[in-house]
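Here is a short report on the cavities of one structure and on its ligand.

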Amino acid sequence: MLSSTQQTVLWIGCAGMGLGAIAIAALSRQAPRGQKHHFVMSFAVCALAFTAYYAMANGYGIVRVHGREEFFARYLDWFLTTPLLIGGLLMIGLPARTGSGEAARERLSLVAGVIGADMFMIVTGLAAGLIDDKPVKYGFYAISCIAFLIVLGVLWGPVRQAAQAQGGSVAALYNRLTPVLSVLWCIYPVLWVLGTEGTKTINLTGEIVVFAIIDLTAKVAFGLLLCTGILGQPRTVTTTDPRPIAGVAA
Ligand code: RET
């Protein structure tokens, strides 16, 4: 059972996500037709998180494991929204077109690889949360952290190189968003260790409050940063660019 304070915080999270989704939908009306897809992903992130917070605020998506509350809905939210957030960055960093043949296959493997590593990170994080046996728990935590490093490595490596190769405002926007995403995402594994699934340094209420704050920042604030950045782009840059992905294409 959640306390009324905990429920209130989850309702605030729910309202924030809903307002974020509405704000992004409103902003998308200013976007030219060829750039609306950038807004769809950020809208979907907020809409999915709204639903997860709605479930949790009503006491659903939470199960009792080893005498404490495990927020299943949170992991389901992350499993769906983190690939979309990465997708948002990929759609900026990677050129709209690659060459044909191997370049296209390399691009596909890069996209599938980073999204796959991200989903694996969330699933192994959930396993760590559910398991009580400390060595096994922290083993899964370490595996999840390795997957996280792979995600960051791809975003800071080949995708950043591809963004640099596009130059100008695309590179500038990518270079603005990637550090913000990286710093925010690094807070999650730290909070996890301090919270009820890890060392219990922070109690459940504190954990719910801090997760709600970073969730709102990583989804709503980041989404608004991305969407306003897209609106500031010259139209031609993000629509068609026939160059291969720098550092990836042979
Ligand atoms: C866990 C615990 C295991 C180790 C690692 C984690 C990383 C989680 C991350 C979550 C990001 C969530 C976002 C949500 C919505 O916006 C699963 C906490 C590395 C990075 C950005």
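## Cavities and ligand

Helix α3 supplies the largest share of the lining of the largest cavity, 5 residues. Helices here are DSSP runs (H or I, at least four residues), numbered from the N terminus. This is a predicted model, in which local features need pLDDT of at least 70, side-chain atom pairs count only at pLDDT 80 or more, and totals for linings use all residues. Residues are numbered from 1 along each chain, and side-chain values use heavy atoms, without hydrogens and water.

The whole structure holds 4 cavities of 30 Å³ or more. A cavity is a set of points on a 1 Å grid over the protein atoms alone where a 1.4 Å probe fits but cannot get out; lining residues have an atom within 4 Å of a point. A volume is the space filled by probe spheres set on the points.

| Cavity | Volume | Top contributor to lining |
|---|---|---|
| Largest | about 320 Å³ | α3, 5 residues |

The ligand takes up the space of the largest cavity. Trp78, Met121, Ile122, Tyr188 and Pro189 lie nearest the centre of that cavity, among 20 lining residues.

Around the ligand stand 16 residues (a heavy atom within 4 Å). The closest are Trp78, Ser144, Trp185, Tyr188 and Lys219. A polar side-chain atom of Lys219 comes to 3.4 Å from a ligand oxygen atom. Lys219 also lines the second largest cavity, as do Met41 and Phe222.

Conventions. A polar contact is a pair of N or O atoms within 3.5 Å; within protein, one must be able to donate a hydrogen and the other to accept it, and residues adjacent in sequence count only if both atoms are side-chain atoms. On a 1 Å grid over the protein atoms alone, a cavity is a set of points where a 1.4 Å probe fits but cannot get out, and a pocket is an open set with protein on both sides within 12 Å along at least five of seven lines; lining residues have an atom within 4 Å of a point. A molecule sits in a cavity or pocket if more than half of its atoms lie within 2 Å of its grid points. Helices (H or I, at least four residues) and strands (E, at least two) are DSSP runs, numbered from the N terminus.
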